[in-house]
Amino acid sequence: MALDPIHVGTGGTRLGRVDNTIVRDPVTRIPKIPGSSIAGVMRAYTAMAKGKYPKCAGLGQPERNGAGGHCGKADCPVCTVFGFAKGIGTYGGFAGLAAFSDMHVLLFPVASQLGPQWITCPMALRQTSIAEFSELDDLLEQQVVYRKADGTANQPSLNLGWLFLPVKTDWQPLSEIDQKIEELGIPGYIIGRLAVVSDKLFTHIVNSNLEVRTSVAIDPATGAAEEGALFTYEALPRSTVLFWEVTCRNPKHFKINQGDVKAVDSPEKVRDVVADAYSYLEHLGIGGMGSRGMGRLRVLATKELAGADKPGKEVS
Amino acid sequence: MTWTALRWVWRLEAPLFVGMPPAGALNRCRPYVPARVLWGAVTAEISRSGNGEGFPGYGKLGGELALNCRFTYLFPAEKRGDKFLAWMPKFEKMRGHQWYCNGGKESLSDRDFRRRLLDSRPGTAIASESDSASEGTLRETECINPWWRDSNCKGETNAILLLGYVFLRNNRFRRQLDDIDTLFIGGDTRYGLGKICRVGWHEVSGGSFVFGQRVCLDGEHPEIESDIVWGHVLEGDQTQIDGIQGVKEFLGGWDWGKPWRGKIAWVPGSFLNHPVAWSIDQNGYWVDKEKKL
Ligand SMILES: [Zn+2]
């Protein structure tokens, strides 16, 4: 869950409404955080947690004088779990035992007359790899909000930002969705304000309710705003719930320089190495604009997916 | 019948990167999955799942798998109603590569096809000293996107599927293949790329057609009778193939941590003016039986 707004940028600037845009899926247009960004920060934080920073963090290319670079040792928790590269032109790198999927938006907070509501859609639920959601079809009625049939749904309609939509409570899968989402460790105040819309509406709701901030660059020489330095940037708002998977491979199935992997000996240990860095995510965060109070994330729960076989799949 | 033919269909659960020679800082992606990539992924999966806590015998199992299984390339496909329709390449004079779907009823130029299929993601390494982009690491990686980018503005999101065939000698490895429902293929899998899930797995019965072409399943290798090749055809392995037209590329790869010296090959979609009986060899390459040296 995002504790701050999160800005993982596209690296480019674009003319128009927003200067610094965030990464989106090119077809669904829903923002996401690429797995490569997550793998990068988790590696750096694990290196900090294990006293291997900065040597085993980063790209791993040694400096010109030969200092630095990944240690590449079979007993290094950072190099075995996240992989390592050797200097340019030498062989013998290792791909790493943990794989990080893209982070997808699962629940998105929107202002309404009833206070914040957390919105999801069948496509976002399907992407969780939770077996019960795998066959969810898009909603038949596209222009309504589906909510639980309890006291909160007494309102016949609900505004989600600028959209005003009729409320319905007759969508059967909703109770199971509530239950499964609760098992992910998502707080009750979010579950109690959960609503489901169609895939198409979800894209609109997310994109028209992103946080857009305006900022100026400060000229270090004068301490004042730089000439022409006004810019805007967008971010996922605070309390967005994101979903990602860490696939942990069995260290016994791999060798490093013809020898056994020594730092970890099971998929669970691989997971534990990754999990040791979660507290850093909560304090140092991910993505850009960290100095502007953005990017902190709290991992709510780590859950092994039911039916996940050999590779230890995780949900956070 | 020596060989059993099965058709399998996979859905992309994450972007997929199958590398080809880069263009500057752009890591280009192939719009199909070569058989050798699949063989590698299936070898890894079967040897790990069958080996509990021990170190898997990748080399031995890989060899047995290559002998007893043959893979066609996987091509992008979409589901319409209850039908899976694959997009297949064909080289045409003056036009270059074209992609055809639905038995030739629909076509797209290579450029338009790639635009519908591919996306690219920029990336840099972060320098730990400065917490900013590390000098000289900016690159862009092209990937097959999990969703078709539709030009018809219907606003429907349609998943990208991958369709291909497997041939099993005397149905060997059938049980192990039945058990596979998820694979990680291609590059950068530790960044979550290349996760595919199987959505179709059917025996090809009766008349035995593969990509709409007749196959013969009785020989030493499965044979496909076709005037278009839908795999790579290595040049050095056979005498000149008369009248073949298309694009050639230098094909290389890795073998057990060592670079594998490549060869010049005709790319998928190259065509002849008459059908040839192509056999699929252990590396997934298409070989003209008559011309084999
Ligand atoms: Zn290390």
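## Salt bridges and an interface in a predicted model

Arg298(A) and Glu282(A) form a salt bridge, with their closest N and O atoms 3.0 Å apart. Arg298(A) lies in the loop between α8 (278-284) and β17 (303-304) of chain A, and Glu282(A) lies in helix α8 of chain A, so the pair ties together parts that are 16 residues apart in sequence. A salt bridge here is a side-chain nitrogen of Lys or Arg within 4 Å of a carboxyl oxygen of Asp or Glu.

This is a predicted model, in which local features need pLDDT of at least 70, side-chain atom pairs count only at pLDDT 80 or more, and totals for chains, interfaces and linings use all residues. Residues are numbered from 1 along each chain as its sequence is written, chains are lettered from A and ligands numbered from 1 in the order in which they are written, and side-chain values use heavy atoms, with hydrogens and water left out.

**Salt bridges**

- Side chains of opposite charge can pair when their charged atoms come close.
- Over all chains, the rule gives 30 salt bridges.
- Arg298(A) is partly exposed, at 35% relative accessible area. Glu282(A) is partly exposed too, at 22%. (Buried means under 20% relative accessible area, exposed over 50%, and partly exposed in between, with a 1.4 Å probe and protein chains only.)
- Glu13(B) forms a salt bridge with Arg11(B), and their closest N and O atoms are 2.8 Å apart. Glu13(B) is partly exposed at 31%, and Arg11(B) is partly exposed at 31%.
- Salt bridges with shared partners join Glu78(B), Arg80(B), Glu106(B) and Arg116(B) into one network.

**Where chain A meets chain B**

- In this interface, 37 residues of chain A are in contact (heavy atoms within 4.5 Å) with 33 residues of chain B.
- The two chains bury about 2,800 Å² between them, and carbon and sulfur atoms give 53% of this area. Buried area is the accessible area (1.4 Å probe) that two parts lose on being put together, summed over both.
- Pro26(A), Val27(A) and His253(A) supply 21% of the area that chain A buries against chain B, more than any other three residues.
- The rule finds three salt bridges across this interface. Glu53(B) and Lys252(A) meet in a salt bridge through their side chains (2.9 Å, N to O).
- Glu53(B) is partly exposed at 48% relative accessibility, and Lys252(A) is partly exposed at 32%.

**Strands in chain B**

- Strand β4 (residues 75-80) of chain B pairs with strand β5 (residues 83-86) of chain B in the antiparallel sense, over four bridges. Strands are DSSP runs of E, at least two residues long, and helices are runs of H or I, at least four residues long, numbered from the N terminus. Two strands pair if DSSP finds at least two bridges between them.
- Ala77(B) stands opposite Ala86(B) in β5(B).
- The hairpin of β4(B) and β5(B) has two residues between the strands, and Gly81(B) takes a positive phi near 65° there.
- Phe250(B) sits in strand β20 (residues 248-255) of chain B. At 55% relative accessibility, Phe250(B) counts as exposed.
- Phe250(B) and Gly262(B) are 12 residues apart in sequence, and their C-alpha atoms are 6.4 Å apart in space.
- Leaving aside neighbours within four places in sequence, Phe250(B) is in contact with Gly262(B), Lys263(B) and Ile264(B).
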